[in-house]
Amino acid sequence: MPASPSTARAINDRLALRLLQQEGPLTAGQLKQLTGLSRPTVADLVERLTAAGLIAVVGESGEQRRGPNARLYGIVADRAHLAALDVRTEGVSVVVSDLLGAELARASVPIADDTGTGPAVEQAVALVERAAKEAGAERLHTVGVGAPGLIDPATGELRDSSGLPEWHRRLVAALQERLPARVTVENETNLAALAEQREGAARDRDTFVLLWLGHGTGAAVVLDGRLRRGASGGTGEIGFLPVPGTGALPSATDCEGGFHSLAGSAAIARLAQEHGLVAAGPAREPHAAALVRAATATPGAPRCARFLDALADRLAIGAAAVVAVLDPGCVVLAGEVGQAGGDALAARVEERLVRMSPLSAEVRASTLGGDAVLRGALLTARDGAQDELFGPSPR
């Protein structure tokens with residue numbers, strides 16, 4: 001059935017806004033050419049979007065031209081402000097942006113292990129409020145939160161997980177109470193995968209697995225362009241994967257003895273110590289990332305080469321299990337450690353997968369590293385805000 005006039009207008013408006021988002025400022029003539037709509041229809045939608053405060057004249061096209069057709073229209077970026085949070089066990093980072101995703105403010109705060117739940121939540125919420133003020137945002141429209149742990153697929157809430165601080169769960173509720181904004185929460189590794197897919201190492205892939213290597217381990221699965229969360233939201237809890245070489249088995253409440261015991265930051269640090277490697281890095285960065293970066297800086301040194309080979313042996317065990325089950329064709333080594341390892345570590349893991357699996361899988365290093373969680377949270381916040389402000393999506 002043909003769309004009603006109001007639905008057709010909404011679809012045309014959204015199409016024009018998406019073009020302005022992707023292409024930047026455009027004239028009415030360029031919008032006509034790109035949308036295929038008639039001149040009167042384009043004139044009407046420009047008038048509607050201007051009246052709604054979503055677009056405005058931002059300049060003129062060509063110095064010699066004058067008149068309505070020469071006006072350049074662009075999205076009003078400060079129509080809405082967004083925030084993204086990366087919530088870790090040791091602290092919180094936040095980025096505030098405009099509606100188009102341009103970063104306006106960034107801040108972080110460490111939170112010690114012995115900090116009580118209430119003070120920890122207050123520190124995190126105050127950080128968001130300060131960052132919003134610095135960005136000049138009177139209010140935040142949408143806040144995207146990336147956190148470790150399981151997200152209940154039915155409610156979208158962070159589930160109570162053993163080993164994670166209580167303030168993680170309380171933070172989301174506190175943000176909803178204190179801020180006049182829509183707050184969404186997603187598993188940190190899933191957000192990293194979305195960011196790598198849209199802006200990072202997997203931009204040309206609609207099927208891949210992201211292997212997160214930071215303080216802990218995790219995985220995210222993207223199949224046919226869609227992020228897969230599983231029946232309980234636990235797809236990718238690879239730290240619990242039973243593997244050889246740990247001397248124990250993981251339990252329902254403790255991933256020690258699983259893949260985490262081979263590839264977590266502490267395990268990599270012990271492996272580096274066995275090979276005589278030392279390194280220093282930023283305080284909030286996993287120590288393992290500094291060690292891996294130091295080894296890749298001098299891969300020709302025998303002890304560095306041996307360390308990278310041993311690490312690749314470990315990573316290939318987890319990667320091979322994922323490849324055997326999902327056949328993703330591509331594995332991204334992500335997080336701070338994956339980025340630090342770069343092509344040198346990725347090539348070593350791929351070489352081992354070739355020997356271990358009959359299924360072909362390219363191994364790539366992350367291009368976003370630890371920043372991928374913030375980028376993914378910001379992308380989801382931006383998408384949510386634009387979906388609401390831009391109107392119904394064309395079908």
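In this predicted model, Pro-286 sits in the loop that runs between helix H8 (265–274) and helix H9 (287–297). With a relative accessibility of 0%, Pro-286 counts as buried, since buried means under 20% relative accessible area. Once its neighbours within four places in sequence are left aside, the residues in contact with Pro-286 are Gly-214, His-215, Ser-265 and Glu-336.

Glu-336 leads on to a pocket. The second largest pocket holds about 320 Å³ of space, and 18 residues line it, those closest to its centre being Arg-88, Arg-284, Glu-336, Gly-370 and Asp-371. Two or more lining residues come from each of strand E3 (81–88), strand E5 (103–110) and helix H11 (335–356). By residue class, the lining of this second largest pocket is made up of nine charged, four polar and five nonpolar residues.

Another part of the chain can be followed from Leu-17, which is 269 residues away from Pro-286 in sequence and lies 41 Å from Pro-286 in space, taken from C-alpha to C-alpha. Gln-386 itself belongs to helix H12 (residues 372–390), and Gln-386 counts as buried because its relative accessibility is 0%. Not counting residues up to four places away in sequence, Gln-386 touches Arg-14, Arg-18 and Gln-21, together with Leu-99, Leu-100 and Gly-391.

How values were computed: Residues are numbered from 1 along each chain as its sequence is written. This is a predicted model: local features need pLDDT of at least 70, side-chain atom pairs count only at pLDDT 80 or more; totals for chains, interfaces and linings use all residues. Side-chain values use heavy atoms; hydrogens and water are left out. On a 1 Å grid over the protein atoms alone, a cavity is a set of points where a 1.4 Å probe fits but cannot get out, and a pocket is an open set with protein on both sides within 12 Å along at least five of seven lines; lining residues have an atom within 4 Å of a point. Grid points are joined across faces, edges and corners, and a volume is the space filled by probe spheres set on the points. Helices (H or I, at least four residues) and strands (E, at least two) are DSSP runs, numbered from the N terminus. Ala, Val, Leu, Ile, Met, Phe, Trp, Tyr, Cys and Pro count as nonpolar, Asp, Glu, Lys and Arg as charged, and the others, Gly among them, as polar. Buried means under 20% relative accessible area, exposed over 50%, partly exposed in between (1.4 Å probe, protein chains only). Contact means heavy atoms within 4.5 Å.
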